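Work through the exercises below with the model on screen. Each task is followed by a solution in steps.

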Amino acid sequence: MKIFVDTADLTEIRRATEAGLIDGVTTNPSLLSAVAGDDDPKELLREIAETVNGPVSAEVVAVESGAMLVQGRRLAAIHDHIVVKVPMTEDGLRACRCLRAEGIRVNVTLCFSAPQALLAAKAGATYMSPFVGRLDDIGESGMEIVSQVRQVYDRYGIETEVLAASLRHPRHVIEAMMLGADVATVPPKVLFQLLRHPLTDTGLENFLKDWRKLGRAL
Ligand code: G3P
């Protein structure tokens with residue numbers, strides 16, 4: 001399973017890239033808005049795409065398919081790594097079809113059901129993003145959608161990748177792995193949490209303590 005980091009924060013992206021932890025990045029308008037300030041968001045996306053050796057999702061902010069197409073082409077022209085994100089709407093799927101016909105990769109976002117995921121795949125989506133945490137927030141099971149979509153895509157030989165999104169904690173990542181998601185995108189906090197285990201910390205501490213007793217250098 002590939003791991004993407006879900007942020008537009010370049011410092012976090014650089015740290016994750018240098019540590020070799022990530023295969024790509026996802027952003028959305030909220031994440032870009034949180035960090036761009038006075039900077040041009042397209043410039044920020046270019047810097048992110050140059051930093052990461054993998055796909056970088058960048059989302060359109062139009063609701064009508066023609067305008068989405070214009071924005072999608074503009075985003076794709078920023079860098080080869082850019083994947084255009086469109087919302088799971090009728091217009092979004094129209095834009096998805098056109099962008100795919102032009103060879104531009106598309107991530108259909110804001111998916112909350114298996115039928116939506118099937119329609120996204122039929123529109124040629126490269127990635128389909130089910131928002132797990134937001135379904136959990138309203139008392140539904142986000143992972144149930146991941147499970148259903150995995151089965152449907154496998155049954156019909158669909159190549160669209162399942163990109164589990166809105167993951168809030170390591171347990172979500174474990175579940176996404178077990179269910180066969182192709183990608184899990186996680187906020188930086190969760191990404192760095194994945195590295196850690198209390199037994200790793202105490203184990204290392206004890207090894208170093210024992211070695212010091214020997215009083216020798218390596
Ligand atoms: O990738 C989608 C993600 O950014 C949404 O996460 O936590 O805002 O539901 P969240």
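**Exercise 1: the ligand shell**

The model is predicted: local features need pLDDT of at least 70, side-chain atom pairs count only at pLDDT 80 or more, and totals for chains, interfaces and linings use all residues. Residues are numbered from 1 along each chain as its sequence is written, and side-chain values use heavy atoms, with hydrogens and water left out.

**Exercise 2: distances to the ligand**

Task: find how far a polar side-chain atom of Ser166 lies from an oxygen atom of the ligand.

Solution. For Ser166 the distance is 2.7 Å. An N or O atom in the side chain of Arg134 is 2.6 Å from a ligand oxygen, and a polar side-chain atom of Asn28 lies 3.0 Å from a ligand oxygen.

**Exercise 3: helices and a strand**

Task: which elements each supply at least two residues of the lining of the largest pocket?

Solution. They are helix H2 (29–36), helix H3 (41–51), strand S3 (56–59) and helix H4 (65–78). Here helices (H or I, at least four residues) and strands (E, at least two) are DSSP runs, numbered from the N terminus. The residues of this lining divide into 8 nonpolar, 3 polar and 3 charged.

Terms used:
A polar contact is a pair of N or O atoms within 3.5 Å; within protein, one must be able to donate a hydrogen and the other to accept it, and residues adjacent in sequence count only if both atoms are side-chain atoms. Ala, Val, Leu, Ile, Met, Phe, Trp, Tyr, Cys and Pro count as nonpolar, Asp, Glu, Lys and Arg as charged, and the others, Gly among them, as polar.
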